[in-house]
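Below are a few friendly notes to read alongside the coordinates.

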Amino acid sequence: MSFTVIKHPLILDKLTRMRREETSSKDFRENLNEIAQLMVYEIFRDIPVKELEIKTPVKKAVGYTVDIPVVLVPIIRAGLGMTEGIQKLIPTARIAHVGLYRDEETLEPVQYYAKTTENIAESYVIVVDPMLATGGSACKAIEIAKEWGAKNVKFVCLVSVPEGVKKLQEAHPDVEIYAASLDDKLNKQGYIEPGLGDAGDRIFGTK
Ligand code: PRP
Ligand code: URA
């Protein structure tokens, strides 16, 4: 049932840039990837490492390697905007995809794509999407990941609201939720206030 807001001055600064309506698509994408990277850096603080013997140009030494396979599950479209930053930190991470869009009337998620990877059951699985609004999309994506065999699942978003956090905690109490911000509320159209608008449109310049 854990929900953590990762607080860091650099994240606050970058998220503020993303929120501003005048921010270009390019700057929006760059800051999104950078925040995703900073968040995963924090989240992975306690992951296990394995000792190994290496040889430097000078002598033998003890080295360390991260000892877990990682699978990222971006929720298409907007989650794709977080994968590059995370993959820079974890180049071995595999990517599984879930394609969902919100029905504009019902706000329910509609699935149009899903493709898993090998070894998802043994991996740390990180489902990513910048927005946790009603929580419908996150719940559905995690349900799909669990159907694929995922056991150790975390959800990482930028902007969340209490409604979405509650729904996700109730549907998937085993999943750790991380956000860069807990915003005020949803408006009548299901947008987060103050939020940052439609994340997919701002990443891909579609509006
Ligand atoms: C956005 C966002 C999430 C979803 C969050 O996607 O990227 O996936 O809304 O809302 P929820 O918590 O109420 O489900 P959208 O449906 O706009 O699709 P897109 O990423 O293709 O733009
Ligand atoms: N999806 C978005 O992209 N933005 C919101 O504010 C809510 C859902």
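Which pocket is the space taken by ligand 1?

1. The space taken by ligand 1 is the largest pocket. A pocket here is an open set of points on a 1 Å grid over the protein atoms alone, where a 1.4 Å probe fits, with protein on both sides within 12 Å along at least five of seven lines. A molecule sits in one if more than half of its atoms lie within 2 Å of its grid points.

2. A word on the basis: this is a predicted model, in which local features need pLDDT of at least 70, side-chain atom pairs count only at pLDDT 80 or more, and totals for chains, interfaces and linings use all residues. Residues are numbered from 1 along each chain as its sequence is written, chains are lettered from A and ligands numbered from 1 in the order in which they are written, and side-chain values use heavy atoms, with hydrogens and water left out.

3. Arg-102 places a polar side-chain atom 2.8 Å from an oxygen atom of ligand 1. Backbone N or O atoms also approach ligand oxygens: one of Ala-133 at 2.9 Å, and one of Gly-135 at 2.9 Å. Of the 500 Å² of accessible area that ligand 1 has on its own, the protein covers 92% (Shrake-Rupley method, 1.4 Å probe).

4. Ser-137 lies in helix α4, residues 136-147 (helices are DSSP runs of H or I, at least four residues; strands are E, at least two). Ser-137 counts as buried because its relative accessibility is 18% (buried means under 20%, with a 1.4 Å probe and protein chains only).

Notes
Buried means under 20% relative accessible area, exposed over 50%, partly exposed in between (1.4 Å probe, protein chains only). A polar contact is a pair of N or O atoms within 3.5 Å; within protein, one must be able to donate a hydrogen and the other to accept it, and residues adjacent in sequence count only if both atoms are side-chain atoms. On a 1 Å grid over the protein atoms alone, a cavity is a set of points where a 1.4 Å probe fits but cannot get out, and a pocket is an open set with protein on both sides within 12 Å along at least five of seven lines; lining residues have an atom within 4 Å of a point.
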